[in-house]
Amino acid sequence: MDIRILLITALLIVLDVVFGFAGAVKCEDVKSGKLREGLWHKTGYVGLIAVAYILQEAAAYADLGFEAPTVLAYRVCIVVTELVSIVENICVLNPDLKDSPLGIFLGKGGG
């Protein structure tokens with residue numbers, strides 16, 4: 001397993017928490033329950049990667065005749081989800097970005 005991809009995934013998860021918290025502070029909407037719920041979601045991501053890794057290794061060990069690259073597939077989904085969430089949080093911090101090409105692409109433009 002390429003540790004760099006795992007570190008990138010972890011970094012994006014941390015950045016999402018940081019920017020989400022910063023957005024909540026800016027909007028004066030910091031709620032411990034919302035933060036706790038978000039952290040549970042992030043813990044679920046970590047659990048999903050761990051289970052996918054175990055399944056991938058088990059499939060290789062059992063020599064099923066095919067590879068089961070589940071870890072990569074799940075990490076790609078998590079990375080895309082985190083990137084979208086980070087951009088949403090950044091748009092909360094800087095509303096001018098909502099009308100940028102990226103904000104419009106993500107459906108955040110137009111008010």
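**A walk through the model**

Asp63 is exposed, at 65% relative accessibility. Exposed means over 50% relative accessible area, buried under 20%, and partly exposed in between (1.4 Å probe, protein chains only). Asp63 sits in the loop between α2 and α3. Its C-alpha is 37 Å from that of Val84, at a separation of 21 residues in sequence.

A word on the basis. This is a predicted model, in which local features need pLDDT of at least 70 and side-chain atom pairs count only at pLDDT 80 or more, while totals for chains, interfaces and linings use all residues. Residues are numbered from 1 along each chain as its sequence is written, and side-chain values use heavy atoms, with hydrogens and water left out. Helices (H or I, at least four residues) and strands (E, at least two) are DSSP runs, numbered from the N terminus.

Another loop lies between α1 and α2, and Glu28 is found there. Glu28 has a phi near 50°, a positive value in a residue other than glycine. Most residues other than glycine have a negative phi. Glu28 is exposed, with 74% relative accessibility.

Next comes Cys27. Cys27 is partly exposed, at 48% relative accessibility. Its sulfur has its closest cysteine sulfur in Cys91, 12 Å away, which is too far for a bond. A disulfide is taken as a pair of cysteine sulfur atoms within 2.5 Å. By this rule there are 0 disulfides.

Now to helix α2 (residues 32-62), which holds Lys42. Is Lys42 buried or exposed? Lys42 is buried, with a relative accessible area of 13%. Its side chain makes a polar contact of 2.4 Å with that of Asp16. A polar contact is a pair of N or O atoms within 3.5 Å; within protein, one must be able to donate a hydrogen and the other to accept it, and residues adjacent in sequence count only if both atoms are side-chain atoms. Beyond its neighbours within four places in sequence, Lys42 is in contact (heavy atoms within 4.5 Å) with Ile13, Asp16, Val17 and Glu82.

Asp16 also turns up in the lining of the largest pocket. This lining has 24 residues, with Asp16, Gly20, Phe21, Lys34 and Asn89 nearest the pocket centre. Two or more lining residues come from each of α1 (3-26), α2 and α3 (70-93). A pocket is an open set of points on a 1 Å grid over the protein atoms alone, where a 1.4 Å probe fits, with protein on both sides within 12 Å along at least five of seven lines; lining residues have an atom within 4 Å of a point.
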